[in-house]
Amino acid sequence: MIKKLLKKLKQNIKILTGAITSIKAETKINHKWYGNTYGGFYVHPNVLNSKSIVYSFGIGEDISFDREMIKMHNCQVFGFDPTPKSIDWIKKEQLPSNFSFFEYGIDTITGFVNFNLPKNQDFVSGSIIAHKNVDEKNMVSVPMRSFNDITKELGHTHIDVLKMDIEGSEYHVIESILSSTIQIDQILIELHERFFEDGKSRNQRLLQSFKNHGYEIFAVSDSLEEVSFIKVKTV
């Protein structure tokens with residue numbers, strides 16, 4: 001009880017100080033946390049089964065979310081990450097047979113881009129977007145693909161769950177995903193408002209884009225950064 005009160009107090013402080021946007025669920029449906037505290041998201045599990053397709057953008061060194069999705073639903077998970085450390089880590093892991101990994105990331109266009117590595121070399125996650133946690137003087141060239149090219153290559157016209165933790169690039173790529181012809185039932189996204197001076201306005205534009213494309217929020221993590229959307233209407 002005390003831990004919950006302290007967590008709520010920290011949330012309120014973040015909101016009141018403007019450190020983070022207050023985000024609340026807009027629709028009430030069953031949801032369950034998948035994965036560990038660090039790498040997990042809320043999922044609406046009722047509609048998932050062995051035929052479900054899951055896209056997981058941003059793997060890092062944590063596939064707890066992906067493992068649990070496979071364990072609970074025996075679904076097919078497609079993971080994507082161009083980060084050198086992540087690729088090396090994946091190669092050493094004993095992966096579930098239902099998990100397929102691709103050594104590239106998502107961008108608005110297909111091609112090679114400069115990828116900023118983290119300032120703290122003990123960390124894994126870099127980004128194509130410059131922000132306070134990456135070193136713009138320490139970058140590597142990595143392959144990226146557009147959402148349309150990825151789905152065309154893999155032969156998917158419908159995705160049950162799309163999870164995205166891409167270190168600030170979500171603001172850059174989200175519209176290209178939402179405006180595609182691919183049907184996506186659930187989108188789970190970690191928002192990195194804290195990375196940017198204009199993070200609040202970035203969040204507002206992103207949330208409005210989801211609304212414009214017929215999505216509503218059905219769950220938000222305790223940190224207020226992992227936000228789960230579900231498609232409620234066709235627009």
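## Buried rings

A residue is called buried when its relative accessible area is under 20%, exposed when over 50%, and partly exposed in between (1.4 Å probe, protein chains only). By that rule, Phe 210 and Phe 229 are both buried.

This is a predicted model, where local features need pLDDT of at least 70, side-chain atom pairs count only at pLDDT 80 or more, and totals for chains, interfaces and linings use all residues. Residues are numbered from 1 along each chain as its sequence is written, and side-chain values use heavy atoms, leaving out hydrogens and water.

## Aromatic pairs

Searching the whole structure turns up 15 aromatic pairs. Rings of Phe, Tyr and Trp (its six-membered ring) pair if their centres lie within 6.5 Å; planes under 30 degrees apart are stacked, over 60 edge-to-face, and the rest tilted. Phe 210 and Phe 229 make a stacked pair, 3.7 Å centre to centre with 5° between the planes.

Ring pairs also join Tyr 55, Phe 57, Phe 78, Phe 80, Phe 102, Tyr 104 and Phe 147 into a cluster.

## The nonpolar cores

So what counts as a nonpolar core? It's a set of buried Ala, Val, Leu, Ile, Met, Phe, Trp, Tyr and Cys residues joined through side-chain atoms within 4.5 Å. The largest one here has 35 residues, and Tyr 55, Phe 57, Phe 147, Leu 162, Met 164 and Ile 184 have the most contacts inside it. There's also a second, separate core of 22 residues, which includes Phe 41, Ile 90, Leu 188 and Phe 218.

Leu 162 touches several residues (contact means heavy atoms within 4.5 Å). Not counting residues up to four places away in sequence, its partners include Tyr 55, Phe 57 and Ile 177.
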